[in-house]
Structures are given as C-alpha cells and as structure tokens.
Amino acid sequence: MALLLKDSEILLRAVEPEDLEFLYECENNPEIWHLSNTLSPYSRFVLKQYIADSQNDIYTNKQLRLIICPNFEPERPLGAIDLFDIDPHHHRAGIGIVIHYNSERQKGYANRALNLLINYCFNFLHLHQLYCTTTPDNFASIKLFSQNGFVECGRKKEWLYNGSGYVDEIMFQLIKPE
C-alpha cells in the first residue's frame with residue numbers, strides 16, 4: 001500500500017497518535033470550518049478516540065483519513081485527505097482535502113495527494129466513482145478537482161448558510177475511466 005500512496009515529493013500516511021496536535025489545530029481552525037460544515041470545536045479527548053478508531057477497517061468506519069507529508073519528512077504533516085461515505089455496494093466514496101498551512105498552499109501538494117488517492121481508490125479499492133462538494137466561491141477546489149477529471153454533476157441551490165446568507169453547493173464526480 002505504501003508505494004501506492006507515495007510519489008517523488010509527498011506521501012499519504014495513516015493517522016498516528018503523534019498527529020493529535022496537528023489534528024487539534026486543523027479541526028479547531030474556524031477559518032476552514034465552512035469546508036467541513038463544522039460548527040463547534042473538537043476536544044483532544046474526542047480526537048484521541050478518533051485516532052484510535054481510525055485503525056479500524058475502512059469499510060467498518062466508512063471513512064479513511066490520510067495525512068499529507070513531504071516524502072522525506074513523514075513526521076511533518078502538511079494537510080489531510082479524506083475518503084468518506086465509502087459505499088462498498090455501489091463502489092463510490094466522497095473526497096475531501098485540505099492543506100492546512102497557508103504557506104504550504106499553491107505548491108502542488110493537493111494535486112499530488114489527489115492523484116495518489118484517485119489511483120488508490122480506482123486501482124486498489126476498486127471503486128467505480130468518487131465525488132466531492134464545494135461552494136461556487138472555492139475557486140482553488142474547483143480548479144483542483146476539475147484539473148483532475150472531476151466534472152460538475154449537480155448543484156444544490158442555497159444549500160449552505162454561511163452566516164450572512166445562503167450559498168449553493170456544487171457536486172463534482174469522477175467516474176473510473178474504462
């Protein structure tokens with residue numbers, strides 16, 4: 001599995017207990033809560049339990065979080081990429097991604113991580129399709145997913161409340177090429 005989740009610059013690795021402070025920082029950053037519809041902070045206790053539970057089978061949890069790290073610094077997390085709503089019957093899953101530190105964005109890490117995860121999903125997990133959702137103003141996500149073959153397949157009008165009004169949610173989908 002490790003070779004599937006590694007390229008010349010980054011690797012995607014399992015969540016480790018040592019990632020607690022990184023996850024605590026990520027999950028409790030209100031600047032990115034809108035990306036995951038988070039409404040309240042997470043305690044270290046809850047995150048410790050999450051880390052322990054993440055060692056279960058992905059089909060039991062129906063999710064998988066991988067930490068994005070530089071290839072030669074696996075102890076230095078840059079962000080995370082998630083599979084969620086894994087549906088083994090219909091062979092599909094949702095994808096979410098965040099590069100946590102502003103200073104590490106726009107360096108290609110998200111693109112590399114997404115490519116590795118797509119390959120893993122289609123060639124190892126044998127999924128048929130992947131999807132993601134975002135808002136129309138999240139230009140970076142729209143660009144990332146579009147450049148990697150995801151196509152817009154639906155729009156929920158005024159689906160999300162952002163504190164000052166309602167915004168649409170766009171759904172993108174990638175079907176495994178034949």
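Tyr109 counts as buried in this predicted model, because its relative accessibility is 13% and the cut-off for burial is under 20%. You will find Tyr109 in helix 5. Setting aside residues up to four places away in sequence, Tyr109 touches Ile10, Leu78, Ile99 and Glu104. Take Ile10 from that list: Tyr109 and Ile10 are 99 residues apart along the chain, yet their C-alpha atoms are separated by 7.2 Å.

Now step back to the loop between strand 4 and helix 5, where Gln106 is found. Gln106 counts as exposed, because its relative accessibility is 75%. Have a look at its backbone, too: phi of Gln106 is near 65°, a positive value in a residue other than glycine. As background, most residues other than glycine have a negative phi. Glu158 is another residue to look at here, with a positive phi of about 45° although it is not a glycine. Glu158 sits in strand 6, which covers residues 151–161. With 56% relative accessibility, Glu158 counts as exposed.

Let's turn to the aromatic rings. A pair of such rings is described by the distance of the centres and the angle of the planes. With a limit of 6.5 Å between ring centres, the count comes to five aromatic pairs. One of them joins Phe22 and Tyr101: the ring centres are 6.0 Å apart and the planes stand at 50°, so the pair is tilted. This pair links distant parts of the chain, 79 residues apart, with Phe22 in helix 1 and Tyr101 in the loop between strand 4 (92–99) and helix 5 (109–123). Phe22 counts as buried, at 5% relative accessibility, whereas Tyr101 counts as partly exposed, at 31%.

Tyr120 and Phe124 form an aromatic pair as well, and this one is stacked, with 5.4 Å from centre to centre and 15° between the planes. Tyr120 is buried, because its relative accessible area is 4%. Phe124 has a relative accessible area of 43%, so this residue is partly exposed.

Phe22 has already brought us to helix 1, so let's stay with that helix. How do helix 1 and helix 3 pack? Helix 1 (residues 20–27) and helix 3 (residues 44–53) pack at an angle of about 120°, and their axes are 10 Å apart. The two helices are therefore oblique to each other, since the range for roughly perpendicular ends at 115 degrees and roughly antiparallel requires over 145. Their crossing is right-handed. On the helix 1 side of the contact are Leu20, Glu21, Leu23, Tyr24 and Glu27, and these meet Arg44, Leu47, Lys48, Tyr50 and Ile51 in helix 3. Sorted by type, the residues of this contact divide into six nonpolar and four charged, with no polar ones.

The last stop is Lys62, in the loop between helix 4 (58–61) and strand 2 (63–70). Leaving out residues up to four places away in sequence, Lys62 touches Leu83, Phe84, Asp85, Ile86 and Pro88. The C-alpha atoms of Lys62 and Asp87 are separated by 7.1 Å, while the two residues are 25 residues apart along the chain.

Note on methods
Residues numbered from 1 in each chain as written. Predicted model: local features only at pLDDT ≥ 70, side-chain atom pairs only at ≥ 80, totals over all residues. Heavy atoms only, no water. Axes fitted to C-alpha atoms, helices over the stretch in contact; angles between N-to-C directions. Helix = DSSP H or I, 4+ residues; strand = E, 2+ residues; numbered from the N terminus. Parallel < 35°, antiparallel > 145°, perpendicular 65-115°, else oblique. Left-handed = near helix turned anticlockwise from the far one by under 90°. Contact = heavy atoms within 4.5 Å. Nonpolar A, V, L, I, M, F, W, Y, C, P; charged D, E, K, R; others polar. Phe/Tyr/Trp six-rings, centres within 6.5 Å; stacked < 30°, edge-to-face > 60°. Buried < 20%, exposed > 50% of the residue type's maximum accessible area, 1.4 Å probe, protein only.
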